[in-house]
Structure formats: structure tokens, C-alpha cells
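The tour below goes from one selection to the next.

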Amino acid sequence: MRNESEGNTGAGAGPSKEEVFFASDGVTVTSARFIVPGQTYAMSGITSVKHWRTPRKWLLGALLLFIGLPMLLSGIGIATSPGGSNGPLVIGLLFAVGGAWAIYRGRPQFQVRLQSASGESTAFASQDDSLVRRIVAALTEAIIFRG
């Protein structure tokens with residue numbers, strides 16, 4: 001009879017059971033693997049993990065708003081005058097809406113960065129900071145569990 005401390009060394013022995021540290025939103029962290037949509041990483045190759053934040057990108061949106069709002073206001077005046085055109089109003093509205101959308105889309109992005117023998121890579125990115133922090137904590141636990 002084989003005891004549990006012997007491990008799986010014999011032929012026909014089943015694989016050891018993986019401990020699951022995190023499983024949510026298409027991401028799974030086990031004692032042996034880190035699975036993200038489209039990629040699987042072996043935990044044995046990961047030497048360290050860190051949480052990374054890319055800054056907010058707002059410059060393009062602010063520039064579009066800076067141009068679009070005055071055009072929108074002057075376009076209202078032109079469109080309401082007799083014989084006026086709606087062109088400046090429409091263009092100003094497009095610039096203002098585009099600028100607001102660009103500012104909204106420019107939110108900061110949070111990343112899980114993995115360090116391995118081949119260098120550093122971004123394994124997962126999201127605008128949900130708490131999700132990324134939970135993944136990093138689970139990966140840290142898996143690395144510690146591995147020993």
C-alpha cells in the first residue's frame with residue numbers, strides 16, 4: 001500500500017490534484033497553471049508576479065472637447081440665425097461627443113505582470129482593479145504553495 005507522502009512516481013499513478021486558488025471571469029489560478037483567455041502559463045515557470053497600473057489617457061479627449069465645445073456653441077448661434085447652416089453645429093457635436101467618449105475610454109488599465117526566466121510579460125489586463133488584485137494575490141499564494 002502506497003502512502004500519500006510517496007508522491008506519484010510509479011507507472012499508472014494518477015496526476016496529483018491541483019489546488020484551485022482563483023476561478024472567475026475566465027481566469028483560473030491553480031497550483032500548477034495560470035489560465036487566462038487564450039493563454040495558459042505553467043506555474044513552475046513563473047518566478048514573480050506584480051500588479052501594474054497604466055495611467056489614464058485623457059489628452060486626446062480633452063483636445064477634442066476643447067475644440068468641439070466652442071464649435072458646438074457657435075454652431076447653435078449659426079443654426080438658429082435665418083439662412084444658417086447646421087454644419088458647424090453637427091461638427092461641434094461630433095467633436096464634443098468624441099472627446100467625452102475618448103476621456104471615458106481612457107480610464108486607467110490594471111495588469112498582471114509575470115516574471116519568468118524569459119523576461120517579463122503582461123498576462124492579463126482589465127479596468128477592474130479589484131479583479132486584478134485578487135488574481136495577483138491568488139498567483140502569489142500559488143507560488144508560495146509550490147514552494
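Start with the open sheet of three strands, whose order is S5-S6-S7 and whose pairing is antiparallel. Strands (E, at least two residues) and helices (H or I, at least four residues) are DSSP runs, numbered from the N terminus. Two strands pair if DSSP finds at least two bridges between them. Select strand S5 (46-54) and strand S7 (119-126): these are the edge strands, and each pairs on one side only. On average, neighbouring strands of this sheet are turned by 25° against each other, direction ignored.

This is a predicted model, in which local features need pLDDT of at least 70 and side-chain atom pairs count only at pLDDT 80 or more, while totals for chains, interfaces and linings use all residues. Residues are numbered from 1 along each chain as its sequence is written, and side-chain values use heavy atoms, with hydrogens and water left out.

Next, select strand S6 (residues 109-116) together with S7; seven bridges join them in the antiparallel sense. Which residue in S7 stands opposite Arg-113? It is Thr-122.

Contact means heavy atoms within 4.5 Å.

Move to helix H1 (residues 59-80) and helix H2 (residues 87-105). Their axes come within 7 Å and cross at roughly 155°. Axes are lines fitted to C-alpha atoms, for helices over the stretch in contact, and angles run from 0 to 180 degrees between N-to-C directions. H1 and H2 are therefore roughly antiparallel to each other, a term for angles over 145 degrees. The residues of this contact divide into 19 nonpolar, six polar and no charged. Nonpolar here covers Ala, Val, Leu, Ile, Met, Phe, Trp, Tyr, Cys and Pro; charged covers Asp, Glu, Lys and Arg; the others, Gly among them, are polar.

Then select strand S1 (residues 20-24) and strand S2 (residues 27-30), antiparallel strands joined by four bridges. Phe-22 has Val-29 in S2 as its bridge partner. The two strands form a hairpin with two residues between them, and Asp-25 in the turn has a positive phi of about 55°.

Finally, colour by pLDDT, the predictor's confidence in each residue, from 0 to 100. The chain mean is 81, and 89% of the residues reach 70 or more. Over residues 1-14, pLDDT stays under 50.

Key: Parallel < 35°, antiparallel > 145°, perpendicular 65-115°, else oblique.
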